[in-house]
Every structure is written in C-alpha cells, then in structure tokens.
Amino acid sequence: APAGEPATLVRAFTHRAIARQVGARRETVSRILARFRAAGYIRTERRLMTIMNRGALEALATPRGRPR
C-alpha cells in the first residue's frame, strides 16, 4: 500500500506464530497487539491484521521508539 494508506496482511497469523517468529511468548505478543489496537496502529479481524499507522509502528522499531 502507498505510504499513509492502510495495508492488510492477508496471511493468517496467530499470536503463537508471531511469537515464534520474533522469539517472544504468546502472552507478550497478545499484550503488545492489544496496545497497538488501542493506539490505532493496527486493526484486527479474525486472523487478518490491517496496519493503520505504518509511520507509528516504524517509529517504535527505532531505538528511541518503545511501546509504553
């Protein structure tokens, strides 16, 4: 999707699968995704995830940007 536009990940991801990929516990992934949803960074529906604010997520990926 173009910059600033929502992008939907069409591959079905479970919290467990994401946790395995990033080396975290499923509970941690669930907690962080809930924070991202509350902040409006992502939207989830069933097993689909839509990135609503890519810039905010990229900022969190920098050494200074950490989830609160």
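The largest nonpolar core of this predicted model has 10 residues, namely Ile18, Ala19, Val29, Leu33, Phe36, Tyr41, Ile42, Met49, Ala56 and Leu60. Helix H1 (15-22), helix H2 (26-39) and helix H3 (54-60) each contribute at least two residues to this core, and H2 gives the most, with three residues. Leucine 33 touches His15, Ile18, Ile42 and Met49, when residues up to four places away in sequence are left out of the count.

Helix H2 itself has 14 residues and reaches 20 Å from its first C-alpha to its last, which is close to the 20 Å expected at 1.5 Å a residue. Within H2, the residues Val29, Ser30, Leu33 and Phe36 are buried, and, seen down the helix axis, the buried residues fall within an arc of 125°, so they line one face of the helix. An α-helix has 3.6 residues a turn, and therefore residues three or four places apart point the same way. The buried residues of H2 pack against H1, S2, S3 and H3. Just after H2, glycine 40 takes a positive phi of about 85°.

The strands form an open sheet of three, in the order S1-S3-S2, with antiparallel pairing. Strand S1 (7-9) and strand S2 (42-45) stand at the edges, and because each has a single partner strand, one side of each is left without a neighbour in the sheet. Neighbouring strands of this sheet are turned by 20° against each other on average, with direction ignored. Strands S2 and S3 (residues 48-51) run antiparallel and are joined by four bridges, and threonine 44 stands opposite methionine 49 in S3, while Met49 also belongs to the nonpolar core.

Terms used:
Residues numbered from 1 in each chain as written. Predicted model: local features only at pLDDT ≥ 70, side-chain atom pairs only at ≥ 80, totals over all residues. Heavy atoms only, no water. Pairing = 2+ DSSP bridges. Axes fitted to C-alpha atoms, helices over the stretch in contact; angles between N-to-C directions. Core = buried A, V, L, I, M, F, W, Y, C linked by side-chain atoms within 4.5 Å. Buried < 20%, exposed > 50% of the residue type's maximum accessible area, 1.4 Å probe, protein only. Contact = heavy atoms within 4.5 Å. Expected span 1.5 Å × (residues − 1). Arc of directions from axis to C-beta.
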